[in-house]
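I opened a new notebook page for a structure I had not looked at before. My plan was to go from the whole chain down to single residues.

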Amino acid sequence: MQILTVDVGTGTQDIFLYDSRVDLENGFKLVVPSPTMIVRRRIQEATRLGETLLLNGYIMGGGPCAWAAEDHVKAGHTVYATPEAARTFNDDLEMVRAAGIQVVSQDEAANLPDSVRSLELRDFDFEAISRSLSQFGVTLDQLAAVAIAVFDHGDAPPDVSDRQFRFDYLDERIREQNRLSAFAFKSEAIPPIMTRLQAVVDSAINTPSPVLEGVPLIVMDTAPAAVLGATYDPLVMACERKLIANVGNFHTLAFRLGPEGIEGVFEHHTGLIDLPILENLLQALAEGSLTHAQVFEDHGHGALVYGSESLDLEQGGFGVAVTGPRRNMMQASRLRPHFAVPFGDMMIAGCFGLLSAVADVLPELSPPIQASLAGAGGSGTPPWELD
């Protein structure tokens with residue numbers, strides 16, 4: 001049984017192909033530029049050539065590609081965007097227009113001159129992944145599921161803060177299902193407000209690939225996926241209660257976990273914090289004293305604490321488990337960080353979290369996945385003896 005997992009970040013997209021016949025450490029993996037970085041480079045090339053651009057496709061991760069589009073306009077060049085693609089930059093299309101990007105309908109886009117360079121926006125490019133793996137003789141013809149993680153603020157109403165809207169969503173999910181896999185959904189069960197998750201599904205459905213026909217698709221938020229993956233680090237797994245921080249390129253999110261599930265969480269923008277601030281946030285989350293206002297008023301998303309019992313970071317073999325591409329921020333921390341390496345690879349932590357979530361969301365696939373995550377999966381058979 002194969003399961004393709006793709007964790008889409010700002011800097012990289014991390015790809016892991018699970019095969020139930022082999023140990024997880026022998027699974028094939030790729031760490032390659034993220035979709036927003038790929039689009040950024042293509043826009044920058046168009047800027048150097050002075051080309052007019054059309055951005056079409058789907059909502060995807062912004063950041064680098066959005067900044068490149070703004071630079072293209074500032075350089076005196078034209079950027080057209082279809083409404084769906086334009087929402088990559090802002091859900092409010094008037095704000096997109098105010099940035100100098102011309103929003104056009106699909107019919108208008110189809111009638112643009114042939115000289116206009118068209119770039120398709122999408123977070124999930126199955127064909128590119130399939131082609132890349134095929135160059136190494138790996139085929140995706142036994143897929144039992146595909147799981148993809150992206151960060152989604154959600155489509156907040158015009159009069160509601162994006163940060164508050166996302167944190168209300170986190171709170172709702174935790175109260176409904178107090179587990180990290182609560183942030184994973186079957187393609188047909190995505191909350192309507194999570195437009196980027198839906199765009200991932202739409203881009204997969206519209207991919208003309210017979211390999212994907214009938215294959216279940218699971219989508220999940222990136223940070224819970226990374227934290228869930230980090231729980232499979234041996235030291236972390238041995239702790240009944242723990243604090244795990246995912247220090248991402250754009251967002252830092254920490255969960256306090258216990259026997260009953262999630263005891264507390266906060267989320268902040270990585271670029272707005274340094275080590276002392278992060279340490280204070282983590283310490284307060286462990287103590288149970290962190291408030292939503294403390295984080296939100298500092299331009300973060302917020303904080304929620306569900307359990308009153310504090311977590312003593314001075315006991316045990318480590319204080320805080322850490323994962324994420326900017327985890328080195330915690331290198332000199334007084335909180336005795338443990339840099340989690342589930343199955344020997346921090347970069348694939350989100351993929352392991354996705355795999356664990358698939359076992360929850362698709363219980364019919366659970367037994368082999370759970371066996372693999374427990375270290376009893378596979379047969380010990382080396383990959384070269386599988387054919």
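The entries below follow the order in which I looked things up.

**Entry 1, the whole chain.** I noted that this is a predicted model. I counted elements next, and the chain has 14 helices and 16 strands. I then checked the overall dimensions: the C-alpha atoms fill a box of roughly 65 × 55 × 35 Å along the principal axes. For 387 residues, a compact globule would have a radius of gyration near 21 Å, and the chain agrees because its value is 21 Å.

The exposed surface comes to about 16,500 Å², and carbon and sulfur atoms supply 50% of it. I also looked at contacts between residues at least 6 apart in sequence; 67% of these join residues at least 24 apart.

In one of the positions I checked, L54 has S118 in β7 as its bridge partner.

I turned to α9 (residues 222-230) and α13 (residues 349-361), whose axes are 6 Å apart. Their packing angle is about 90 degrees. Angles of 65 to 115 degrees count as roughly perpendicular, and α9 and α13 are therefore roughly perpendicular to each other. I listed the residues that meet: A225, A226, L228, G229 and A230 come from α9, while α13 brings A349, G350, F352, G353, L354, S356 and A357.

I looked for residues other than glycine with a positive phi and wrote down H299, at near 70 degrees. H299 lies in the loop between α12 (292-296) and β14 (302-305). I also wrote down F343, where phi is near 50 degrees, again a positive value in a residue other than glycine. The loop that holds F343 runs between β16 (337-339) and α13. Is F343 buried or exposed? F343 is buried, because its relative accessible area is 14% and the cut-off for buried is under 20%.

Key
Residues are numbered from 1 along each chain as its sequence is written. This is a predicted model: local features need pLDDT of at least 70, side-chain atom pairs count only at pLDDT 80 or more; totals for chains, interfaces and linings use all residues. Side-chain values use heavy atoms; hydrogens and water are left out. Two strands pair if DSSP finds at least two bridges between them. Helices (H or I, at least four residues) and strands (E, at least two) are DSSP runs, numbered from the N terminus. The radius of gyration is taken over C-alpha atoms; the globule rule is 2.2 Å times the number of residues to the power 0.38. Contact means heavy atoms within 4.5 Å. Accessible areas come from the Shrake-Rupley method with a 1.4 Å probe; for residues, only the protein chains shown count as cover. Axes are lines fitted to C-alpha atoms, for helices over the stretch in contact, and angles run from 0 to 180 degrees between N-to-C directions. Angles under 35 degrees count as roughly parallel, over 145 as roughly antiparallel, 65 to 115 as roughly perpendicular and the rest as oblique. Buried means under 20% relative accessible area, exposed over 50%, partly exposed in between (1.4 Å probe, protein chains only).
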